[in-house]
Amino acid sequence: MDEVAAAIADPVRREILVLLRDGHQSAGDIADRFPISRPAVSRHLRVLRDSGLVRDELVGRQRFYRLDTAPLARLTEWLAQFDAPSGWAHRLDALETEVYRTRRERQARDATDRTGKRTA
């Protein structure tokens, strides 16, 4: 998980992953999308490959890269613990419901007190 987190920490590598989301691309096509040198893009691709986030395939003289999201699963599961609603969220929702119910009852009671008979 640490290797995957380190790999996606860099904005260039995250952009490469987004590019590969729609399908495989050659190393040259990927490099053409960035204002950095081809060797720099190659180093980013190596980090992504070493972390398991991309797979490469040599076809003739071209190397194609494809996204592999499986290594993201453990990181996603770990991150989910911070996104899940806490017990407080449910308690605050219940408190809000109770406040509205109390207001409605108080308004109904005040209307009854003013007219002497119950109005809704």
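Reader: How many bridges join β2 to β3?

Author: This is a predicted model. β2 and β3 run antiparallel. They form a hairpin with two residues between them. One of the pairs across it is Asp 56 opposite Tyr 65 in β3. The number of bridges joining β2 to β3 is six.

Reader: Which residue in the turn of that hairpin has a positive phi?

Author: The turn lies between β2 and β3, and two residues separate these strands. The phi in question is about 65°. The residue is Gly 60.

Reader: Which residue is the bridge partner of Gln 25 in β3?

Author: Gln 25 has its partner in β3. For comparison, Ser 26 stands opposite Phe 64 in that strand. The partner of Gln 25 is Tyr 65.

Reader: How far does α4 reach from its first C-alpha to its last?

Author: The helix has 14 residues. At 1.5 Å a residue, 20 Å is expected, and the model comes close to that. Just after α4, Gly 52 takes a positive phi of about 90°. From first C-alpha to last, α4 reaches 20 Å.

Reader: What arc do the buried residues of α4 cover around the axis?

Author: The buried residues are Ala 40, Val 41, His 44, Leu 45, Leu 48 and Ser 51. Their arc puts them on the same side of α4. In an α-helix there are 3.6 residues a turn, so residues three or four places apart point the same way. The arc is only 140°.

Reader: Is His 44 buried or exposed?

Author: His 44 lies in helix α4. Its relative accessibility is 13%. The cut-off for buried is under 20%. Therefore His 44 counts as buried.

Reader: Which side chain does a polar contact of 3.1 Å join to that of His 44?

Author: His 44 touches Asp 10, Val 12, Arg 13, Ile 16 and Ile 36, leaving aside residues up to four places away in sequence. One of these also makes the polar contact of 3.1 Å, side chain to side chain. That residue is Arg 13.

Conventions. Residues are numbered from 1 along each chain as its sequence is written. This is a predicted model: local features need pLDDT of at least 70, side-chain atom pairs count only at pLDDT 80 or more; totals for chains, interfaces and linings use all residues. Side-chain values use heavy atoms; hydrogens and water are left out. Helices (H or I, at least four residues) and strands (E, at least two) are DSSP runs, numbered from the N terminus. The expected span of a helix is 1.5 Å times one less than its number of residues. Buried means under 20% relative accessible area, exposed over 50%, partly exposed in between (1.4 Å probe, protein chains only). The arc is that of the directions from the helix axis to the C-beta atoms. A polar contact is a pair of N or O atoms within 3.5 Å; within protein, one must be able to donate a hydrogen and the other to accept it, and residues adjacent in sequence count only if both atoms are side-chain atoms. Contact means heavy atoms within 4.5 Å. Two strands pair if DSSP finds at least two bridges between them.
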